[in-house]
Amino acid sequence: MSVTLHVCITCRAGQTLAEGEIPPGARLHAALLDAGVPDGVNLVPVECLSACSQGCSVALSAPGRWSYVYGRLSAENAQDVIAGSAAYAAAPDGIVPWRSRPEIFRKQSLARIPPVVLPEAAE
């Protein structure tokens with residue numbers, strides 16, 4: 001089953017950017033590409049995760065698993081985001097034991113969203 005790592009590429013992380021300056025969110029996305037995305041993880045750039053007051057943000061999700069949104073990230077956190085994504089991909093329900101998470105995932109969690117449960121089809 002494939003995991004999706006969404007990265008807000010329009011995030012300004014509370015900064016005023018000069019004309020043509022690359023947003024911090026786009027820099028985080030580039031750093032994640034450079035770090036190498038683990039097998040089974042799809043890196044998807046998105047325009048906004050609505051966590052604008054929380055700096056650069058990412059979201060991890062997969063069908064049938066808990067989803068997470070992490071914020072207050074930067075390009076310097078790319079290796080930890082990659083490690084956290086790999087741990088998430090290895091967890092069948094999306095719940096990585098707290099001590100097995102990279103420190104930034106322990107401290108920078110903005111939301112934990114339960115899996116979508118669809119009603120069973122009527123017979």
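Let's start with Arg72. Arg72 is partly exposed, with a relative accessible area of 37%. The scale runs like this: buried is under 20% relative accessible area, exposed is over 50%, and partly exposed is in between, with a 1.4 Å probe and protein chains only. Arg72 lies in strand S4. Strands here are DSSP runs of E, at least two residues; helices are runs of H or I, at least four; both are numbered from the N terminus. Arg72 is not a glycine, yet its phi is positive, about 60°.

A word on the source. This is a predicted model, where local features need pLDDT of at least 70 and side-chain atom pairs count only at pLDDT 80 or more, while totals for chains, interfaces and linings use all residues. Residues are numbered from 1 along each chain as its sequence is written, and side-chain values use heavy atoms, with hydrogens and water left out.

Back to phi. Most residues other than glycine have a negative phi. Ser50 has a positive one, near 55°. Where is Ser50? Ser50 lies in the loop between strand S2 (41-46) and strand S3 (56-61). Ser50 is exposed, at 66% relative accessible area.

Now Gly71, also found in strand S4. Gly71 counts as buried, at 0% relative accessibility. What does Gly71 touch, leaving aside neighbours within four places in sequence? Its contacts are Gln54, Cys56, Ser57, Gln108 and Leu110. Contact means heavy atoms within 4.5 Å.

On to the rings. There are three aromatic pairs. Rings of Phe, Tyr and Trp (its six-membered ring) pair if their centres lie within 6.5 Å; planes under 30 degrees apart are stacked, over 60 edge-to-face, and the rest tilted. Why is the pair Tyr68 and Tyr70 stacked? Their centres are 5.9 Å apart and their planes are at 10°, so the pair counts as stacked. Both Tyr68 and Tyr70 are buried. Tyr70 also stacks with Phe105, at 3.8 Å centre to centre and 5° between the planes. That pair links distant parts of the chain: Tyr70 is in strand S4, Phe105 is in helix H3 (residues 103-107), and they are 35 residues apart. Tyr70 has a relative accessible area of 3%. Phe105 has 2%, and is buried. Ring pairs link Tyr68, Tyr70, Tyr88 and Phe105 into a cluster.

Some rings have a charge over the face. The rule asks for NZ of Lys or CZ of Arg within 6 Å of the ring centre and within 35 degrees of the ring normal. Arg65 lies over Tyr88, 5.7 Å from the ring centre. Arg106 lies over Trp98, at 4.9 Å.

Last topic: cavities. The structure holds two of 30 Å³ or more. On a 1 Å grid over the protein atoms alone, a cavity is a set of points where a 1.4 Å probe fits but cannot get out; lining residues have an atom within 4 Å of a point. Points are joined across faces, edges and corners, and volume is the space filled by probe spheres set on them. The largest cavity holds about 70 Å³. Of its 13 lining residues, the closest to the centre are Tyr70, Tyr88, Val96, Arg101 and Phe105. Helix H2 gives the most to this lining, three residues.

The second largest cavity has about 30 Å³. Its lining includes Cys8, Cys11, Cys48, Cys52 and Ser50.

Technical notes:
On a 1 Å grid over the protein atoms alone, a cavity is a set of points where a 1.4 Å probe fits but cannot get out, and a pocket is an open set with protein on both sides within 12 Å along at least five of seven lines; lining residues have an atom within 4 Å of a point.
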